[in-house]
Amino acid sequence: MAILPITYLSSSTKVMSSWRTSKPVIDYSKCTRCAICWKFCPDVAIDLVVDPNLNAPSERFRVLEAPSIDYDHCKGCGICGTECPFGAIEMVREEI
Amino acid sequence: MESIQSSRRIMTGNEAVATGVKLSNVKVISAYPITPQTTIVEKLAEMVANGELDAKYIEVESEHSAMASVTASEITGVRSYTASSSHGILYMHENLHWASGMRVPIVMSVVNRAIGPPWSIWGEQTETFNQRDTGWLQIYCESNQEAMDSIILGYKIAENKKVLLPVMNMLDAFTLSHTSEPVDVRNLKTSYDYLGDLDLDFKLDFKNPAGYGSLVAPDGPFMEMRKDMRDSMYNASGLIKSEISNFNEVFDAELPGLTENFMMEDADYALITAGAISSTAKYTVRKLRERGQKVGLIRLYFYRPFPGEEILKAVRGLKGLGVVERNVSYGQRGPTFEDVVSALYRRADVPIRNYVVGLGGRDIRVKDYEKMFENLIEGDNDMEWINVAVR
């Protein structure tokens with residue numbers, strides 16, 4: 001049977017990690033959960049999650065929704081790192 | 001087997017094609033008129049208007065849209081048809097790739113006409129030889145009978161799940177398209193039963209949405225799809241041959257195989273042709289045979305998939321083979337010449353020469369074929385332009 005070009009899933013579920021040359025890494029000890037990175041991400045590659053185990057500037061931030069980068073979908077544009085007012089996102093070069 | 005009723009009628013090639021479309025139970029027709037294809041779609045529009053053919057006729061603003069329309073209708077599971085010529089085919093080129101890549105088994109007729117400039121409406125096959133790498137099967141017809149039968153056969157082969165690629169059916173401008181010949185019109189019920197309903201494994205369905213042909217990453221199944229298309233076409237020869245035998249039995253028809261060998265049994269010299277110009281070549285072969293010259297003809301019925309094995313079998317023992325092209329390629333020899341050489345490479349020791357004929361509708365006469373055979377026998381390695389006023 002012929003291989004047909006059918007796609008049932010949207011592209012957001014596909015793995016795009018090979019498109020990156022560098023990836024954003026969040027330093028949660030500086031992250032105030034302001035969600036500016038989440039708003040600016042042009043590819044909806046940042047989720048907001050509540051995880052009390054994540055580091056935080058102080059205890060009161062731990063209960064808030066924190067950004068979590070979907071590395072399967074992030075293409076490494078670096079906009080989140082540029083926009084973060086607290087310098088909490090560093091772009092780290094990808095190794096092949 | 002039950003008696004097969006065909007009714008013999010006098011009709012032009014274009015009328016034969018339109019009748020073939022009707023016999024194939026086509027449900028959607030979309031086309032843009034262009035000389036010399038116009039009377040095909042005119043006839044079909046008339047059939048739809050008077051209720052003779054229960055189909056939807058979509059008028060479009062261009063050939064590009066015509067191909068887009070039939071690709072879309074076919075992928076919803078409805079048998080679809082279009083036709084064009086010359087510049088219309090060139091304008092369609094992008095969507096020809098879409099149709100084959102989407103694996104939609106459309107049949108399209110092409111009335112072969114020259115490409116401008118200078119402007120010309122007459123016969124030449126360059127526009128479809130230009131489309132040989134688009135993933136479409138290609139059939140070149142010699143008669144109006146073949147033009148009708150190849151539509152029905154075309155759908156049968158295209159819709160075979162081992163092929164699932166579109167089929168391009170060629171007939172020569174005016175020589176076939178506007179010339180009347182006796183044609184056996186196949187029985188409608190026999191034809192409907194032979195083709196059955198279009199059965200696609202995947203159809204676009206509003207209730208079950210899916211993307212079709214959308215973006216894949218380099219590690220997605222892109223190369224795999226291309227390989228599958230190539231294999232499906234390349235390995236289709238056996239399947240096509242048995243389908244032609246089946247067709248001939250069902251309809252009491254006389255379609256050739258992938259190629260037709262004419263007086264090739266003991267031939268020393270032979271030509272290869274495609275399309276209506278083959279009839280004049282056959283007449284010449286018969287005439288030269290009467291004079292005692294051992295000559296023959298191989299006619300390409302299918303050009304894609306290329307019948308390399310058939311040609312190899314037919315040319316063994318030949319002292320010379322001439323490939324006649326009614327098309328032109330500027331930076332190399334002709335495309336058929338290249339294909340033949342590639343098929344015979346290291347497998348048959350036959351000198352091969354290339355003849356360019358009949359561009360822009362120029363006549364190809366018996367004396368031209370005689371000249372080609374003469375050249376073949378005397379031996380001269382140059383590509384020869386036949387019946388041309390410049391050296």
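I started with contacts in chain B: of those between residues at least 6 apart in sequence, 80% join residues at least 24 apart. Contact here means C-beta atoms, placed from the backbone, within 7 Å.

Housekeeping before going on. This is a predicted model, where local features need pLDDT of at least 70, side-chain atom pairs count only at pLDDT 80 or more, and totals for chains, interfaces and linings use all residues. Residues are numbered from 1 along each chain as its sequence is written, while chains are lettered from A and ligands numbered from 1 in the order in which they are written.

**Overall build**

I looked up the radius of gyration next: chain B has 21 Å, which agrees with the value near 21 Å for a compact globule of 391 residues. That radius is taken over C-alpha atoms, and the globule rule is 2.2 Å times the number of residues to the power 0.38. Along the principal axes, the C-alpha atoms of chain B fill a box of roughly 70 × 55 × 50 Å. I get 49% of the 391 residues in chain B as buried (20 or more other C-beta atoms within 10 Å of a residue's own, with C-beta atoms placed from the backbone).

**The sheet**

Chain B has 13 helices and 16 strands; these are DSSP runs numbered from the N terminus, helices being H or I of at least four residues and strands E of at least two. I traced an open sheet of seven strands in chain B, with order 3-2-4-5-7-6-13 and mixed pairing. Pairing needs at least two DSSP bridges between two strands. At the edges sit strand 3 (56-59) and strand 13 (302-304) of chain B, each pairing on one side only. The twist averages 20 degrees from one strand to the next, with axes as lines fitted to C-alpha atoms and angles from 0 to 180 degrees between N-to-C directions.

I then checked strand 6 (residues 137-140) of chain B: two bridges join it to strand 13 of chain B, and the two run antiparallel. Q138(B) stands opposite R304(B) in strand 13 of chain B.

**Two domains**

Chain B is divided into domain 1 (7-251) and domain 2 (259-385), with bounds from an automatic or database domain assignment. Their C-alpha centres lie 27 Å apart. The contact takes 27 residues from domain 1 of chain B and 22 residues from domain 2 of chain B. On the domain 1 side that touches domain 2 of chain B, strand 6 gives the most, with four residues.

Notes:
A residue is buried if 20 or more other C-beta atoms lie within 10 Å of its own, exposed if 12 or fewer, and partly exposed in between; C-beta atoms are placed from the backbone. Two residues are in contact if their C-beta atoms, placed from the backbone, lie within 7 Å.
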